Amino acid sequence: MGLRRSVAAAAALVLVVEAVGLVLLHIFLGMVVDEQQMSMAGLEPRSMSLSAVIAGALVGCYLLLCAVVFASTAIRDRAPVGILRILLISAAVVHGLLGAVSVGLVGWLAFVFMMVVLGLIVWSLLSYSVEERAAEGTSQPSTDNSPPPSGGPHPEPSAP
């Protein structure tokens with residue numbers, strides 16, 4: 001039980017570091033585009049620079065939201081449900097896709113980082129899912145020969 005909390009906390013920490021890194025990277029890319037004074041398909045350099053910074057802020061907010069969900073999961077030791085679970089699944093899919101793309105564009109180190117983050121996300125999601133299902137399975141009464149809810153006698157099986 002302590003291991004899954006640790007993994008969720010590690011996932012939250014790594015996502016915060018990744019969010020900060022991506023925001024800083026997008027700010028740097030925006031500065032580079034702004035300094036080059038080149039337009040692409042008629043777009044002004046300032047608008048492309050601002051778009052890069054806005055995109056970085058949105059990606060950073062997305063990752064910080066995922067980190068908050070993982071931190072909450074680690075603190076409460078309960079699985080995220082509903083839209084929060086879907087948010088974390090989407091983060092896993094995004095990291096899988098970015099990992100595949102990063103091999104060719106950035107290199108193997110970026111791929112390894114993306115796969116580590118993907119592994120932490122999936123490990124947290126699955127460990128809480130398995131624990132919750134196991135707890136639900138043991139708390140429900142078995143349907144073999146349990147008495148009916150009214151407390152009456154069992155019906156006798158009919159003989160052929």
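The model is predicted, so local features need pLDDT of at least 70 and side-chain atom pairs count only at pLDDT 80 or more, while totals for chains, interfaces and linings use all residues. Residues are numbered from 1 along each chain as its sequence is written, and side-chain values use heavy atoms, with hydrogens and water left out.

**Exercise 1. The overall layout**

Task: Find how many helices and strands the protein has, and what share of its residues is buried.

Solution: 
- Step 1. Start with the secondary structure, where helices (H or I, at least four residues) and strands (E, at least two) are DSSP runs numbered from the N terminus. The protein has four helices and zero strands.
- Step 2. Walk along the sequence, and the pattern reads α-α-α-α.
- Step 3. Turn to burial, where buried means under 20% relative accessible area, exposed over 50%, and partly exposed in between (1.4 Å probe, protein chains only). Of the 160 residues in the protein, 28% are buried.

**Exercise 2. Salt bridges**

Solution: 
- Step 1. Recall the idea: side chains of opposite charge can pair when their charged atoms come close. The cut-off for a salt bridge is a side-chain nitrogen of Lys or Arg within 4 Å of a carboxyl oxygen of Asp or Glu.
- Step 2. Take aspartate 77 with arginine 4, whose closest N and O atoms are 3.1 Å apart. Aspartate 77 is in the loop between H2 and H3 and arginine 4 is in helix H1, so this pair ties together parts that are 73 residues apart in sequence. Arginine 4 is buried, at 9% relative accessibility.
- Step 3. Now pair aspartate 77 with arginine 5, where the closest N and O atoms are 3.9 Å apart. Distant parts of the chain are linked here too, with aspartate 77 in the loop between H2 and H3 and arginine 5 in helix H1, 72 residues apart. Arginine 5 is partly exposed, with a relative accessible area of 34%.
- Step 4. Finish with aspartate 34 and arginine 46, whose closest N and O atoms are 4.0 Å apart. Because aspartate 34 lies in helix H1 and arginine 46 in helix H2, the pair ties together parts 12 residues apart in sequence. Aspartate 34 is partly exposed at 22% relative accessibility, whereas arginine 46 is exposed at 54%.

**Exercise 3. A closer look at aspartate 77**

Task: Decide whether aspartate 77 is buried or exposed, and describe its backbone angle phi.

Solution: 
- Step 1. Locate aspartate 77 in the loop between H2 and H3.
- Step 2. Check its relative accessible area, which is 14%, so aspartate 77 is buried.
- Step 3. Look at the backbone: aspartate 77 has a positive phi of about 60 degrees although it is not a glycine.

**Exercise 4. The nonpolar surface patch**

Task: Find which helix gives the most to the nonpolar patch.

Solution: 
- Step 1. Set the rule: patch residues have over 30% relative accessible area and no salt bridge, with like charges joined within 9 Å and nonpolar side chains (Val, Leu, Ile, Met, Phe, Trp, Tyr) within 5 Å.
- Step 2. Note the patch area of about 880 Å², with Val16, Leu25, Phe28, Val53 and Leu64 among its residues.
- Step 3. Assign the helices: H1 (2-36) and H2 (45-76) each supply at least two residues. H1 gives the most, with nine.
- Step 4. Pick out leucine 25, which is in helix H1 and is partly exposed at 41% relative accessible area.

**Exercise 5. The largest pocket**

Task: Find which helix gives the most residues to the lining of the largest pocket.

Solution: 
- Step 1. Define a pocket: on a 1 Å grid over the protein atoms alone, it is an open set of points where a 1.4 Å probe fits, with protein on both sides within 12 Å along at least five of seven lines; lining residues have an atom within 4 Å of a point.
- Step 2. Take the space in the largest pocket, about 420 Å³. Of the 18 lining residues, the closest to its centre are Glu18, Leu22, Leu25, Leu98 and Met114.
- Step 3. List the elements giving two or more lining residues: H1, H2, H3 (83-105) and H4 (108-139). H3 gives the most, with six residues.

Notes
Accessible areas come from the Shrake-Rupley method with a 1.4 Å probe; for residues, only the protein chains shown count as cover. Grid points are joined across faces, edges and corners, and a volume is the space filled by probe spheres set on the points.
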